[in-house]
Amino acid sequence: RFRVLAFNDVVVSKGVKSGMIEFDVHIDGQFVYTLRSDGIIVASPTGSTAYALSSGGPILHPSVKVMALVPVCPHTLSNRPIVVNADRIIEIIVHSDSYARAHFDSHSHCVLAQGDRVVVRRYSHTISLLHPVGHSYYRMLREKLNWNRD
């Protein structure tokens with residue numbers, strides 16, 4: 001059993017040598033779908049403007065208590081990002097034995113085998129982020145994403 005805390009995102013992805021991986025996604029014990037893709041990103045609002053955004057996921061305002069599930073290069077175009085309440089339990093069950101990995105904020109990782117489960121749930125404690133006086137989330141987005149630049 002491998003346990004780790006992640007602040008921004010949890011990513012289940014294909015290994016370096018493999019093609020697509022196949023896995024099931026469950027939310028609160030309910031089957032959502034079987035996905036064949038390069039992986040899936042479960043992102044918090046703070047992680048939504050990184051890898052999840054570049055994979056077609058939504059920008060989540062930091063005040064909302066949600067998680068985004070963003071498929072990475074899905075085999076079918078009908079697999080789209082889903083946003084769920086942060087109190088939901090996300091379970092990803094690996095089907096293919098193709099060197100899949102789980103990454104946690106890109107700092108920790110573990111190798112996954114067929115049948116392994118990655119369970120993502122909100123941590124019971126919260127964190128407060130401090131910003132300088134005059135900080136604007138929308139200004140930060142404009143600067144980070146080069147909005148309104150000619």
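Colleague: Why is Phe104 called buried?

Modeller: Buried means under 20% relative accessible area, exposed over 50% and partly exposed in between, with a 1.4 Å probe and protein chains only. Phe104 has a relative accessible area of 10%, so Phe104 is buried. Bear in mind that this is a predicted model, where local features need pLDDT of at least 70 and side-chain atom pairs count only at pLDDT 80 or more, while totals for chains, interfaces and linings use all residues. Residues are numbered from 1 along each chain as its sequence is written, and side-chain values use heavy atoms, leaving out hydrogens and water.

Colleague: And what makes Phe2 partly exposed?

Modeller: Phe2 sits at 46% relative accessibility, so it falls in the in-between class.

Colleague: What makes Phe2 and Phe104 a tilted pair?

Modeller: Rings of Phe, Tyr and Trp (its six-membered ring) pair if their centres lie within 6.5 Å; planes under 30 degrees apart are stacked, over 60 edge-to-face, and the rest tilted. By that rule there are two aromatic pairs. Phe2 and Phe104 come in at 5.7 Å centre to centre with 35° between the planes, hence tilted. They're 102 residues apart, with Phe2 in the segment before strand E1 (9–13) and Phe104 in strand E8 (residues 101–104). Strands here are DSSP runs of E, at least two residues, and helices runs of H or I, at least four, numbered from the N terminus.

Colleague: Why is the pair of Tyr137 and Tyr138 edge-to-face?

Modeller: Their ring centres are 5.5 Å apart and the planes stand at 75°, so the pair is edge-to-face. Tyr137 is buried too, because its relative accessible area is 15%.

Colleague: What makes E6 and E9 edge strands?

Modeller: The open sheet has six strands in the order E6-E5-E4-E1-E8-E9, with antiparallel pairing. Strand E6 (82–85) and strand E9 (108–111) each have a single partner strand, so one side of each is left without a neighbour in the sheet.

Colleague: How many nonpolar residues does the lining of the largest pocket have?

Modeller: There are 28 nonpolar (Ala, Val, Leu, Ile, Met, Phe, Trp, Tyr, Cys and Pro), nine charged (Asp, Glu, Lys and Arg) and 12 polar, which covers the others, Gly among them. E10 gives the largest share of that lining, four residues.

Notes:
Two strands pair if DSSP finds at least two bridges between them.
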